[in-house]
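Please look through the structure below before reading on. The explanation goes from the whole chain to single residues.

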Amino acid sequence: MMREFGTIYEAIGGYETVERLVNAFYKRVALNTELIPIFPEDLTETARKQTLFLTQFFGGPSLYLEERGHPMLRRRHLPFKITPTRRDAWLKCMAEAIVEAEIEEPYRTAIYEKLTMTANHMMNTPE
Ligand code: HEM
């Protein structure tokens, strides 16, 4: 169990690394033809909320909870048609962002697996 040695958040380098990951991620979202139609043109606020969320998702301080309340992510995603294709596109952007943010193993795989489970849960529309 990795958590015996602390959190993923601490192990990858804390807030700065989460910010690097989120920036690398939305840079790709902004160019992804599957994702562009459902995201706002200005991704500043989206990225800021995602930084709060991923901080707590990786075991850091509960920044998202403090500002936005319980995540209820599936419910917050219901206004957007999330198809299997969009899930795949989202995860591809994340996989590349994890590499760009220089997150190393075993955290690279641990993070990707956690995100994959959550992304599966977010699908709400068939192809
Ligand atoms: C499966 C593919 C996914 C798609 C297509 C997707 C799409 C979106 C969209 C369109 C928004 C709204 C952006 C805005 O209006 O600012 C959003 C918000 C958000 N997403 Fe996702 N998302 C996906 C998966 C995930 C996953 C796996 C997570 C967490 C690990 C996540 C976390 C969030 C958070 C924290 C927000 C902000 C919610 C808020 O308003 O507080 N999303 N997502």
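Predicted model: local features only at pLDDT ≥ 70, side-chain atom pairs only at ≥ 80, totals over all residues.

The protein has seven helices and zero strands, so read from the N terminus the order of elements is α-α-α-α-α-α-α. The C-alpha trace spans about 40 × 30 × 25 Å along its principal axes.

How is the chain packed? Of the 127 residues, 39% count as buried. Among contacts with a separation of 6 or more, 71% are between residues 24 or more positions apart. The accessible surface comes to about 7,600 Å², and carbon and sulfur atoms hold 56% of this surface. As for charge, the protein has 16 positive and 18 negative charges, and their mean positions are 7 Å apart.

Which residue of the protein is a donor to the iron atom of the ligand? The single donor from the protein is H77, through its NE2 atom, at 2.0 Å. H77 belongs to helix α5, which covers residues 73-77.

The loop between α5 and α6 (84-100) holds F80. Apart from its neighbours within four places in sequence, F80 is in contact with I38 and N124. Between F80 and V29 there are 51 residues of sequence separation, and their C-alpha atoms are 15 Å apart in space.

Some loop residues have backbone angles worth looking at. M72 sits in the loop between α4 (63-68) and α5. Its phi is near 40°, a positive value in a residue other than glycine. With a relative accessible area of 40%, M72 is partly exposed.

The loop between α6 and α7 contains E102, where phi is near 60°, again a positive value in a residue other than glycine. Is E102 buried or exposed? Its relative accessibility is 60%, so E102 counts as exposed. P106 is also placed in the loop between α6 and α7 (107-122). The peptide bond leading from E105 to P106 is cis, and its omega is near 5°.

Notes: Residues numbered from 1 in each chain as written. Heavy atoms only, no water. Helix = DSSP H or I, 4+ residues; strand = E, 2+ residues; numbered from the N terminus. Buried < 20%, exposed > 50% of the residue type's maximum accessible area, 1.4 Å probe, protein only. Contact = heavy atoms within 4.5 Å. Areas by Shrake-Rupley, 256 points an atom, 1.4 Å probe, with all protein chains shown as cover. Lys, Arg positive; Asp, Glu negative; His and termini not counted. Charge placed at Lys NZ, Arg CZ, Asp CG, Glu CD. Donors = N, O, S within 2.8 Å, 3.2 Å for Na, K, Ca; no water.
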